[in-house]
Amino acid sequence: MVLVFDLLFGRGVKCGGSWKTMMVKHRSRLQAALARMKVKQKVRRNEDLLPPSVQEKNAHDIPRYVRINTLKTTFDDVVDYLKREGYSYQGKASRIEDLNHLSGKMFMGDVHLREILVFSAKRDFHDHYLYKSGHIILQDKASCLPAYLLDPPVGGHVIDACAAPGNKTSHLAAIMKNKGKLFAFDLDAKRLSTMSTLLLRAGVTCHLLANQDFLKVDPLSPEYKNVTHILLDPSCSGSGMVCLSDRTTEELDSERLDALAAFQLRCLNHVLQFPQLQRVVYSTCSIHSQENEQVVSDCLEKNPGFRLVHLFPEWPERGHVPLTQCLRASTTKTFTHGFFVAMLEKKPTSNEGSYHTSPSSMDVDISAPSNSEEEQTQRPNRNTSMEQPQLPLKVKTKRNRKKHQKQES
C-alpha cells in the first residue's frame, strides 16, 4: 500500500530489487484503475476521492509553528536569518485570526507565545539548517503551553514524568536556562534513545534521563527532595491530533477510554506525593472530557491540599464547565491540534510563605513570563525564605533600658 501510494501520488518508487520490478510491471494498470475511479465518481482531482470528513479537515489546515530554541539562538537572530533567505516577516500577530492568513514565505510572531514563529501550513522545515542544527524546534503551539505555563525557576529541580519524544523537555530546559536538574522518565527504551538524540541536538545539558516507569519512582527518594515543579503529559487517546482524530474518535470504545483515564489519574495522584511539590501541569492531546476535566476533578477530590490555577485569561478556549480555569485548544478556535492543559498548585498553609501564590490571586500575567526587572519585582521569588519576625517595639525598648542600667552600675 505504501509503494502504491508513492507510485501514484508521491515522488515515485525509491526502493530497488523485486519490489520495484513488481511495481513497475503493474504501473499502467494501477494508473488506469485510478483514472476509472475518478470517472466513476465524477471528480477531476485525486483529493476529491477522499471522504468528505477528511476533505473538511484538510480545508482547515493548521499553521506551521516553529519554536525558537533559546539555548542556541535568539528570536531576532532567527528572524534575521530567515529574512536573508527571502522570507517576509509580517511582525507580531495582533489577533489569532491573523495566523490563518499566511501564504508563501510570509511568517509572523505568535500572538500569545513570544518564542513561536508562525508560517503557512504547507511550509516544511525538516531539511532546513536551523532545524537540523537545533536552533528551531518543530512543535505545535498547543504543545508548547505546558512548559510555558509551568514556568519552572532557573536552577530549580523539575520532573518531566512521561517525557519522550522530548520537545517539552527541551522547552523546560530552555526556560531553566540549562541550570538546575531536569529529571525525565519514559518507559519506552527506543523513544528514550530518540529523545536523547533530540536533546543533544537542542543543546540540553541539565537533564537526567531514566528508562523507568514513572509510577514506580519513589517520591520520598532523597534524589527528588528538592523537586518543586512537575510536567505530566501521560499517554492518551491522541484524539486531538489532526492526523489521528478521525480514527480515534470513531474507533475508541468506552472501555479503552476508561483504562486510559484510570492510568492518567494514577499518574496525577502519584505526582502529588512529591513532598516539596509546588506546581504540576497536567496535559493531554485528547478532546475527551473523560481524559481531561474528569481526571482533574477526580484528582482534586482525593487531594484537597491542591487547587486549580486559572490559566491564561485571554486564551480563546476554556475547559468545560465548571473547570474553566483549564485551557483547551482546537483546530477551529486556536488553529492548533486539540489539546488540554490544567495546572494544580499546593495550597499555602498558615506557616508557609507566598511562594505558592498563583496568577489567579495576583495581578501578574502568566501569559508573558519573562526575566525583566519589572516583572521580577511584581512576582515573589519562589525560593525566598520568610523573613524573621521583628520584635515588638515595647520589648526592644525594655531590653535597651535594662542594658543601659547595667552599664551605669
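**A close look at helix H8 and its surroundings**

The axes of helices H8 and H9 approach to within 9 Å and cross at roughly 35°. Axes here are lines fitted to C-alpha atoms, for helices over the stretch in contact, and angles run from 0 to 180 degrees between N-to-C directions. The model is a predicted one, in which local features need pLDDT of at least 70, side-chain atom pairs count only at pLDDT 80 or more, and totals for chains, interfaces and linings use all residues. Residues are numbered from 1 along each chain as its sequence is written, and side-chain values use heavy atoms, with hydrogens and water left out.

H8 spans residues 167-175, while H9 spans residues 189-202. Helices (H or I, at least four residues) and strands (E, at least two) are DSSP runs, numbered from the N terminus. H8 passes H9 in a right-handed crossing, that is, the near helix is turned clockwise from the far one by less than a right angle. From H8, the residues Asn167, Thr169 and Ser170 make the contact (heavy atoms within 4.5 Å). On the H9 side, Met195, Leu198, Leu199 and Ala202 take part. This contact of H8 with H9 comprises 4 nonpolar residues, 3 polar and no charged. Ala, Val, Leu, Ile, Met, Phe, Trp, Tyr, Cys and Pro count as nonpolar, Asp, Glu, Lys and Arg as charged, and the others, Gly among them, as polar.

H8 also meets helix H7 (residues 141-150), where the two axes come within 9 Å and cross at roughly 30°. H7 and H8 are therefore roughly parallel to each other (an angle under 35 degrees). The crossing of H7 and H8 is right-handed. H7 contributes Ser143, Cys144, Pro146, Ala147, Tyr148 and Leu150 to the contact, and H8 contributes Lys168, His171, Leu172 and Ile175. Of the residues in the contact of H7 with H8, 7 are nonpolar, 2 polar and 1 charged.

H9, for its part, belongs to a right-handed β-α-β unit together with strands E7 and E8. Right-handed here means that, with the strands pointing away from the viewer, the path from the first strand over the helix to the second runs clockwise. E7 (residues 181-185) and E8 (residues 207-210) run parallel and are joined by 4 bridges; strands pair if DSSP finds at least two bridges between them. One of the residues concerned is Phe185, whose bridge partner in E8 is Ala210.

Terms used
Parallel < 35°, antiparallel > 145°, perpendicular 65-115°, else oblique.
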